[in-house]
Amino acid sequence: MHVVVCIKQVPDTSDVKINPETNTLIREGVQSIINPFDENALEIALVLKDTQGAKVTVITMGPPQAESALRECLARGADEVVLVSDRAFAGSDTLATSYTLARAIETLDKPDLILFGKQAIDGDTAQVGPGVAELLDMPVITYIRRVEVAEGKLKVERVFEDGYEKMEVPLPAVLTILKEANVPRMASLKGRMKAKKAEIAMLSAAAIQADPERVGLKGSPTKVVRIFTPPKKTGGIRIDGTHPLEAARTLVEKLREQKVI
Amino acid sequence: MPEIHSDIGPDYLRDESRKTGTADSISFPLNEAEIADAVRWAAANGQCITTQGARTGLTGGAVPSGGHILNLSRMKTITDRDDLIVQPGVTLDEIRAHLKSRGNVFFAPDPTETTATIGGMASCNASGARSFRYGATRESILAARLVLADGDVIALCRGQCMATGRNFRLKTESGRVIEGDLPSYTTPAIKTASGYFVRDSMDLLDLFIGSEGTLGIFSELHLKLQPWPASVWGVMAFFGKEPDALAFVHAVRGLKDKPASIEFFDSCSLNLLRSHRLEGAPEVPADYHTAVYVEYHAADEDEASGMVERMCEALDGCGGSEDRTWIATDDHERERIRLFRHALPEAVNSLIDERRKTDPAITKLGTDMAVPDDRLDELMALYHASLERLGLEYVIFGHIGSNHVHVNILPRTVKQFEQGKAQYLEWADAVIRMGGTVSAEHGIGKLKTPFLLKMMGARGIEDMRRLKRLFDPQCRLNPGNLFAC
């Protein structure tokens, strides 16, 4: 069984700062991490490796420094990693990214399962997983919290706001994974030392025989008109919590006034 | 002169020890002159003084026993030099936030309670995990100013005011000379926060650090900063049994690279962590029994990597395995390990809070003792044997690099609580016989004075009392801390 995990390196937005003049992300001093949902996807793949002997390949499209995210995946137990990187890919939107990743995956051994995190925490689009599935003509199921593979079939649980459904699909398939699926493992010391010395395979635009019209800015119909920080909410009532009983009384009073209760 | 208030909020009558005291008045000085004014006012009115910072201490050192409360939590000035000059009310959080803008330096002492004030930390010689490499608060203080019981001030600079053998001589800012003999005991060369620090021909600054406010009141502290290491690598090694983990601790201590910290989690701790995992922390596989965390600080990745490679050899020789060892080499991964480690004290507290609902007489019983390096295995065996014999629930974790683990007994009943308390006293006897200390980092305060008496003997306590009288003849400063006046 071959499992391909697509990851993205993102800025650690738990400590994000916006330049107030340009309204863009200040990247200096912000650590790059593996997109947290992708860590959950990787964990699913690594469990399939532990329990079923699956081969795990991790692939990312990004600048050369995304190599460090791939090394982290190797350290956690991925068998192979691939960095899809070329100046021609700069400025890709979700469509161009989906196309590039799909072409890159086609150069690998045929995957039985392709995993994505539910979305990246920087763009929040959740479009690339389904995009790749479409281009590879594979079924896709999003928002997965549980995966089981038995007899060439996939049993999954897909979560909605008010419940979940159990589904069974034939392989190959594409899944996008939720945070609640698992707790990502730490890298082992052995894995880290091995990852440090590993050669990282690179795929350029030429290597994946990409159509120049479909990658980078040229292949991206999405145009960003403006990025801005939404204005802070003002007003509201703050209830002092020093005396819980009193605070609760005030809260109930206010809710009654507003006819909420 | 600071305003003297007679209306005292109940919070100022207690600290984290949950002990409660009484007082007649409180003031909040803003500078050294105001501390001196308040001290002179108290002297004129026959009042004793209890000095407070953030009241995060665990031994009741800041709990008043009548008289006046001198609360220094509003003295918050920070002045940048090459190092850092701070007023005593500045908290550890504030120091860290301030240094963030300087970027390349840090203040090494790292007690878990980051809302502690620097005055309090200096007074009880607080420390945390990284004291294994950087020392306790003592090692990070370059100079200090103190207000004495009569309102006079002394300024002490490291290396500039030394005792001659056991004899000392100090000059106050007003020109008064205080001289006499130091206590006759010698503070053991282990991590300790028990009683006055005494050595032959010692630096007299060290006499005041860890004296729990009984000799003078810190009004200003000059702090040493360390260059921030470019590479911080944390390794969490798991073992199948505790003796292997202890062998690993000895082996790591024998290596040429000194880790910043060596921390320990016994099997009961790992079990508790399995059921109280914090969001974001990793999961511990079921067959991992005992863990040792080692953190290396290095100038670059290559140096860190070399340190960890040498550590690997020790690991392999002690029944550990590189497969069953976590490593964190960046902030993100280290934060996950931090969440993992910090869940433990929180889990203990929430368990105890739960049990207090059925019986409020139950509290946590936490030890804070340390022994010399060659007694570690004996101490660990003793802890386990007595706890198993009594059938008590417990966790053992902490700063094993300094042979300083915390045993936390988790009593289910008042009977178990009493049994645990009695056991604690018995352990103290054993620790003292091993040449150890009854408090390695929390201090003595008011709660652990019987332990200090055991450790120092009546003569040691009398020596301390005699020294205190040279600085504070009427025993006005923090009476009840360390010993009864």
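1. Helices (H or I, at least four residues) and strands (E, at least two) are DSSP runs, numbered from the N terminus. By that assignment, B:A298 is in strand 15 (residues 290-298) of chain B. Leaving aside residues up to four places away in sequence, B:A298 touches B:P229, B:A230, B:S231, B:E303, B:A304 and B:M307, where contact means heavy atoms within 4.5 Å. The C-alpha atoms of B:A298 and B:L204, 94 residues apart along the chain, are separated by 33 Å.

2. Basis of the values. This is a predicted model, in which local features need pLDDT of at least 70 and side-chain atom pairs count only at pLDDT 80 or more, while totals for chains, interfaces and linings use all residues. Residues are numbered from 1 along each chain as its sequence is written, chains are lettered from A and ligands numbered from 1 in the order in which they are written, and side-chain values use heavy atoms, with hydrogens and water left out.

3. Extent of the interface. In chain A, 18 residues are in contact with 25 residues of chain B. The area buried between the two chains is about 1,800 Å², and carbon and sulfur atoms give 55% of it; buried area is the accessible area (1.4 Å probe) that two parts lose on being put together, summed over both. A:V183, A:M186 and A:L189 supply 38% of the area that chain A buries against chain B, more than any other three residues.

4. The rule finds two salt bridges across the interface of chain A and chain B, a salt bridge being a side-chain nitrogen of Lys or Arg within 4 Å of a carboxyl oxygen of Asp or Glu. B:D323 forms a salt bridge with A:K190, with the closest N and O atoms 3.7 Å apart. Eleven residue pairs, both at pLDDT 80 or more, are in polar contact across the interface of chain A and chain B. A polar contact is a pair of N or O atoms within 3.5 Å; within protein, one must be able to donate a hydrogen and the other to accept it, and residues adjacent in sequence count only if both atoms are side-chain atoms.

5. Elements at the interface. Helix 2 (67-76) and helix 5 (189-197) of chain A are the elements that give two or more residues to the side of chain A that touches chain B. Helix 5 of chain A gives the largest share, five residues.

6. A:S220. This residue lies in the loop between strand 11 (201-203) and helix 6 (244-257) of chain A and, at 3% relative accessibility, counts as buried. A polar atom of the A:S220 side chain lies 2.8 Å from the backbone nitrogen of A:D93, and a polar atom of that side chain lies 2.7 Å from the backbone oxygen of A:G216.

7. Strand 4 of chain A. Six of the seven residues of strand 4 (residues 55-61) are buried, so the strand is largely enclosed by the rest of the structure. Strand 1 (residues 2-7) of chain A pairs with strand 4 in the parallel sense over six bridges; strands pair if DSSP finds at least two bridges between them.

8. Backbone geometry. The peptide bond from A:L171 to A:P172 is cis, with omega near 0 degrees. A:E151, not a glycine, has a positive phi of about 50 degrees and counts as exposed at 81% relative accessibility. B:E212 has phi near 55 degrees but counts as buried at 6% relative accessibility.

Note on methods
Buried < 20%, exposed > 50% of the residue type's maximum accessible area, 1.4 Å probe, protein only.
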